[in-house]
Amino acid sequence: MTIRIAFKLFASLSDYLPSGHRGNRLELEVDEGITVAEMIRRYNVPERSAHLVLVNGHFVPPSERSRKRLAEGDELAIWPPIAGG
Amino acid sequence: MGWNRKVLRVDLTAGTCTEEPLNMQWADEYLGSRGLATKYLVAETDPKVDPLSPDNKMIMATGPLTGTMASTGGRYTVVTKGPLTGAIACSNSGGFFGAEMKFAGWDMVIFEGKSDKPVWLYIENDKAELRDAAGLWGKSCWETEEKIKEELQDPLVRISSIGVSGENEVLYACIVNDLHRAAGRSGVGAVMGSKNLKAVAIRGTKGVSGIKDFGAFLKATSDAKKVLADNAVTGQGLPKYGTQVLMNVINEIGALPTRNHRDVQFEDASKISAEAMHEKRESDGKTHLVTNAACFGCTIACGRISEIDKTHFTVKNSPQYWGASGGLEYEAAWALGAANGVGDLEALQYANLICNEQGMDPISFGATVGAAMELYELGILTDDIIGMPAPFGSAEALAKMVEMTALGEGFGKELALGSKRLCEKYGRPELSMSVKGQEFPAYDSRGIQGMGLAYATSNRGACHLRGYTVASEVLGIPVKTDPLTTDGKPELVKAFQDATAVFDSAGICVFTSFAWTLADVQPQVAAACEGDWSMEKLNEVGERIWNMERMFNNAAGFTAKDDNLPPRLTEEPAKTGPAKGLVNGLAKMLPEYYQVRGWTPGGEPTAETRARLGL
């Protein structure tokens, strides 16, 4: 079984999106039960750069990333350490 | 010493400039810049003074680290009673002007009275004189800077000035220095305009002397710079992407106020984000962003320098705007964009350029346009009143309104009064998204609960720079807290408020706090300044400053009732995103905050608190 999710990498992490890709968002079909940590590894995002990890806008702390499974329609968005104001 | 121990007092009514010693007891209690200048204002000004009357004073002040080798030590503040709010106003700016004041040998300049004709102040080291500004009145900040440099035949003179907006007393006019840095909020530019003071130009060649322990200072500032360089936010994120990198983050968490806070997510957020600034345009193949830029002594360099699309409708016939210039920063991009539903990056940059050119706060201006657009959508404001159609999302209306407001034309005169007065006039006061009359910045407090309390209790009206709990609630600095709960937020808000007062008063940029804590600031202050500057004392100074500002506002007539939020944020739940169904829990947080502060249930510092802080 597969599910459809959106995978978004922002700021300097957009370098880890497939080359030639425009924008920060990918629509993907992935295996059901895939975890946030597996997605981060699959796209070679360095663990320490995956600072702000949100699923549907909710923060997923590092300790939960290998347990948090994605569901149909989820939006996984990741940022390196950033700030503004 | 850190301080120059010298104050310049400018009596604009009498036309005199007088030197006086800095009150060193107050410097020991209030550090400098924001804290020390506010102490002077409080001591010398009736809290009930009309902000735009000659009896109000305006102080430009540096901190002990301003002009030194401390990273970001280029900040100065403008302290006065603000016309937008009627509360204390303290606006902070970077660039190079503050350091130049220090190099000329002054800690602060106090302006009082009102000149009977337009003047500008020229300071060259110890010399200070008022000069006729007849040839400058009616000119923009950019023209003023150019003309003064030409008159003085000195390209290195540093200038702070008002544009036409300040002359016209737009209630959110700002004071612009170095072309695109600004003491931006609360209408300090209108106060300057009310005094017929067009500009302050400074040339200082004396450097900064009298650092208490130079060896220790060299070590402390070097150590602190390493912390900034090694930190991923201040060493990499901010220089590359600037503050605007927050656009997609805040949208994702459902806290990006959109269309006058009707919504909390903007469908075009990505089009006005930092990432979009790096993308090549279809029209000319260039990126909007040209380079980053640093203020005096800054080792972060978050500033944005951009080039507008020459073919865009806003500038295709105006080549004077085609060059590289300041912007966009997150707050301006939000206020001119999402707040109005406008997703046209070039239009936002144009509006931002006009704000810089004529000296207006883009946050309050943009948010006031948002209120006007909602009144238009409701049929209360019409094409006839505004002079054009102005629905949410209209880049054309935004571009026209910024020109009208900056130059005081037509409906722009009403926009110039801010959203509170505009919405009151048209019978819908609840539609002004403001606290104490000052418009919100770019965070919806239904999605970031602590910010609701920070806004409600900010001493200068709604503001993100008085207690930026976004750092903790969203970005995980210094620790991650849950943005959707009110638990622990009163303590968090107080901690941010007090610490920020110290950063501001030292003369450094609050953005250092993304990497530094007070423990990184303390060795720098202690090495630069005479006296005991322990962590304990810095914490006390921050709290003292906050309470002093509060007491000024209370004496000006503000009460606990003014620590509020518009009903939209406390009664209308967020429609989408993680905060869907939530309102801000201010009613729960506020009494707890008063308690944590040592204030009465009516929001006044208790006798015990005042005694503890020496107030």
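B:Pro257, B:Asn260, B:His261, B:Trp334, B:Ala339, B:Ala367, B:Gly370, B:Met433 and B:Phe440 together line the largest cavity. Please keep in mind, as we go through the structure, that the model is predicted. The space in this largest cavity comes to about 50 Å³. Sorted by class, its lining has six nonpolar residues and three polar ones, with no charged residues.

How many cavities of 30 Å³ or more does the structure hold? There are two. The second largest cavity has a volume of about 30 Å³, and its lining is made of B:Lys436, B:Ser458, B:Asn459, B:Arg550, B:Asn553, B:Asn554, B:Phe558, B:Thr559 and B:Asp563. Here the classes come out as one nonpolar, five polar and three charged residues.

The largest pocket has a volume of about 1,000 Å³. Its lining takes in 50 residues, and those nearest the centre are B:Arg75, B:Asn92, B:Arg181, B:Ala182 and B:Glu329. Which elements of chain B give two or more residues to this lining? They are strand 5 (88–93), strand 11 (181–183), strand 14 (303–306), helix 11 (330–336), helix 12 (345–358) and helix 13 (362–377). By class, the lining of the largest pocket has 23 nonpolar, 16 polar and eleven charged residues.

The second largest pocket holds about 710 Å³ of space. It is lined by 29 residues, with B:Ser270, B:Lys271, B:Ser273, B:Ala276 and B:Glu279 closest to its centre. Helix 9 (246–252), helix 10 (274–277) and helix 12 of chain B each supply at least two residues of this lining. The largest share comes from helix 9 of chain B, which gives three residues. The classes in the lining of the second largest pocket are five nonpolar, ten polar and 14 charged.

Helix 7 (residues 214–230) and helix 8 (residues 232–241) of chain B pack with their axes 4 Å apart, at an angle of about 55°. That angle makes helix 7 of chain B oblique to helix 8 of chain B. On the helix 7 side of chain B, the residues in contact are B:Val227, B:Leu228, B:Ala229 and B:Asp230, and they meet B:Ala232, B:Thr234 and B:Gly235 in helix 8 of chain B. The residues of this contact divide into four nonpolar, two polar and one charged.

Further along, helix 20 (residues 489–506) and helix 24 (residues 586–597) of chain B have axes that come within 8 Å and cross at roughly 50°. Helix 20 and helix 24 of chain B are therefore oblique to each other, and their crossing is right-handed. From helix 20 of chain B, the contact uses B:Lys489, B:Pro490, B:Glu491, B:Val493, B:Lys494, B:Gln497 and B:Asp498, which meet B:Met589, B:Glu592, B:Tyr593, B:Val596 and B:Arg597 in helix 24 of chain B. The residues of this contact are five nonpolar, one polar and six charged.

Notes
Residues numbered from 1 in each chain as written. Chains lettered and ligands numbered in written order. Predicted model: local features only at pLDDT ≥ 70, side-chain atom pairs only at ≥ 80, totals over all residues. Heavy atoms only, no water. Axes fitted to C-alpha atoms, helices over the stretch in contact; angles between N-to-C directions. Parallel < 35°, antiparallel > 145°, perpendicular 65-115°, else oblique. Contact = heavy atoms within 4.5 Å. Nonpolar A, V, L, I, M, F, W, Y, C, P; charged D, E, K, R; others polar. 1 Å grid on protein atoms, 1.4 Å probe; cavity = no way out; pocket = protein on both sides within 12 Å on 5 of 7 lines; lining within 4 Å. Points joined across faces, edges and corners; volume = space filled by probe spheres on them. Left-handed = near helix turned anticlockwise from the far one by under 90°.
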